[in-house]
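Please read this briefing alongside the sequence and the coordinates.

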Amino acid sequence: AELSRPAARRTVERSVHEAYPNLTFGNVACPAGIARARGVKFTCTVQLPGTFLVVDAEQTDGSGTVQLSTRQAVIPTQALRDFVAQNASLPATIDCGASPFRVARAGQTIDCAAALADGTTRTVQLTVQDTAGNVTITAVT
């Protein structure tokens with residue numbers, strides 16, 4: 001038996017919605033011809049504004065239940081702004097881009113602009129540490 005594409009898509013959509021309730025996403029693309037069996041893995045692509053999230057799925061039973069994982073972190077941009085603001089030497093206005101979420105793999109960097117209260121501007125480079133979206137400041141220029 002096969003897991004139908006619409007069923008796979010619905011499962012992935014539901015799981016992404018549960019994991020990231022405020023995330024707006026578009027089409028979910030899954031492969032055709034997925035065997036419906038425990039341990040069968042497949043990969044789907046979730047369309048986000050300006051980017052894609054690649055989701056790995058593994059069936060945990062023979063009735064189409066899947067467990068999702070991703071090698072990418074989906075990070076709310078507000079969380080990035082808050083992190084930079086908390087670590088700034090002065091009160092600052094932080095801009096990490098217009099998109100409400102950023103998608104990145106561990107090791108990738110995200111730049112935020114910090115306009116400090118003294119009138120100076122800095123570029124703060126954040127490096128994503130893991131798929132949970134933890135970041136560290138790796139450069140300030």
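How many bridges join S4 to S5? In this predicted model, eight bridges join the two strands, which run antiparallel.

**Sheet**
- Strands S2, S4, S5 and S6 form, in that order, an open sheet with antiparallel pairing.
- Strand S2 (28-29) and strand S6 (66-69) stand at the edges and have a single partner strand each, so one side of each is left without a neighbour in the sheet.

**Nonpolar cores**
- The largest nonpolar core has 20 residues, of which Val-12, Cys-30, Phe-42, Val-46 and Leu-53 touch the most other members.
- At least two residues of this core come from each of helix H1 (5-19), strand S4 (41-48), strand S5 (51-59) and strand S9 (101-105).
- A second, separate core of 14 residues includes Ile-75, Cys-96, Cys-112 and Leu-126.

**Disulfides**
- Two disulfides are found in a search of the whole structure, and the bonded cysteines, numbered in sequence order, pair as 1-2, 3-4.
- Cys-30 is joined to Cys-44 with an S to S distance of 2.1 Å, and this link is right-handed, with 115° about the S-S bond.
- Cys-30 lies in the loop between S2 and strand S3 (34-35), whereas Cys-44 lies in strand S4, 14 residues apart, and both are buried.
- Cys-96 is joined to Cys-112, also with S to S 2.1 Å, in a right-handed link with 110° about the S-S bond.
- Cys-96 lies in the loop between strand S8 (92-95) and S9, and Cys-112 in strand S10 (residues 109-116), 16 residues apart; both are buried.

Methods
Residues numbered from 1 in each chain as written. Predicted model: local features only at pLDDT ≥ 70, side-chain atom pairs only at ≥ 80, totals over all residues. Heavy atoms only, no water. Core = buried A, V, L, I, M, F, W, Y, C linked by side-chain atoms within 4.5 Å. Buried < 20%, exposed > 50% of the residue type's maximum accessible area, 1.4 Å probe, protein only. Helix = DSSP H or I, 4+ residues; strand = E, 2+ residues; numbered from the N terminus. Pairing = 2+ DSSP bridges. Disulfide = S-S within 2.5 Å.
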